[in-house]
Amino acid sequence: RGPKYLHIHVPCPLGWRHEPADTYRVARLAVETGLFPMVEFEGGQQTGAYTLSAPKPVAEYLKLQGRFRHLFKPGAEAALQEIQAIADRNIARYGLVKPA
């Protein structure tokens, strides 16, 4: 009952400047880094999450995309760390790491 919302992450090879063959890899890394948490909510409460055994560094996701090329030049370390911090917060907030 009630409204539904489904948010789908779909990489764009042309706009994101990555190889078309890497589309699946780019989408998967968005989840595996914590930048795009795959979670489910019902009635405003989190009811599920795709958990990660070992989150990957955001650099793996960003390096595949030409639109983020500037983040790997000297002087951009702080921006890359800030993006990693966003992923880390998502991982903690949504409980994305499998318990050992």
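Buried means under 20% relative accessible area, exposed over 50%, and partly exposed in between, with a 1.4 Å probe and protein chains only. The model is predicted: local features need pLDDT of at least 70, side-chain atom pairs count only at pLDDT 80 or more, and totals for chains, interfaces and linings use all residues. Residues are numbered from 1 along each chain as its sequence is written, and side-chain values use heavy atoms, with hydrogens and water left out.

View 1. Helices (H or I, at least four residues) and strands (E, at least two) are DSSP runs, numbered from the N terminus. Read from the N terminus, the elements follow the order α-α-β-β-α-α. A box of roughly 50 × 30 × 20 Å along the principal axes holds the C-alpha atoms. The chain has 100 residues, of which 26% count as buried. Contact means heavy atoms within 4.5 Å. Among the contacts with a separation of 6 or more, 58% come from residues 24 or more positions apart.

**View 2. Helix α2 and its buried residues.** Helix α2 covers residues 23-32, and its buried residues are Val26, Leu29, Ala30, Val31 and Glu32. They pack against α1 (13-16) and α3 (58-63). An α-helix has 3.6 residues a turn, so residues three or four places apart point the same way. Just after α2, Gly34 has a positive phi of about 90°.

**View 3. The largest nonpolar core.** A nonpolar core is a set of buried Ala, Val, Leu, Ile, Met, Phe, Trp, Tyr and Cys residues joined through side-chain atoms within 4.5 Å. The largest one has 12 residues: Trp16, Val26, Leu29, Ala30, Val58, Tyr61, Leu62, Phe68, Leu71, Leu80, Ile83 and Ala87. Helices α2, α3 and α4 (77-94) are the elements that each give two or more residues to this core. Leu71, a member of the core, is in contact with Leu62, Ala76, Ala79, Leu80 and Ile83 when neighbours within four places in sequence are left aside.

**View 4. Pro11 and His18 around α1 and α2.** Pro11 sits in the segment before α1 and counts as buried because its relative accessible area is 8%. Apart from neighbours within four places in sequence, Pro11 is in contact with Trp16, His18, Thr23, Val26 and Ala27. Residues up to four places away in sequence not counted, His18 touches Pro11, Cys12, Pro13, Thr23, Val26, Leu64 and Gln65.

**View 5. Gly15 and Arg17.** Gly15 is part of helix α1 and is partly exposed, with a relative accessible area of 39%. Its C-alpha atom and that of Phe68, 53 residues apart along the chain, are separated by 11 Å. Arg17 lies in the loop between α1 and α2 and is partly exposed, at 46% relative accessible area. Most residues other than glycine have a negative phi. Arg17 is not a glycine, yet has a positive phi of about 55°.

**View 6. The aromatic pair of Phe41 and Tyr94.** Rings of Phe, Tyr and Trp (its six-membered ring) pair if their centres lie within 6.5 Å; planes under 30 degrees apart count as stacked, over 60 as edge-to-face and the rest as tilted. This rule gives 1 aromatic pair. Phe41 and Tyr94 form an edge-to-face pair, 6.3 Å centre to centre with 85° between the planes. Phe41 lies in strand β1 and Tyr94 in helix α4, so the pair ties together parts that are 53 residues apart in sequence. Phe41 is partly exposed at 44% relative accessibility, whereas Tyr94 is buried at 17%.
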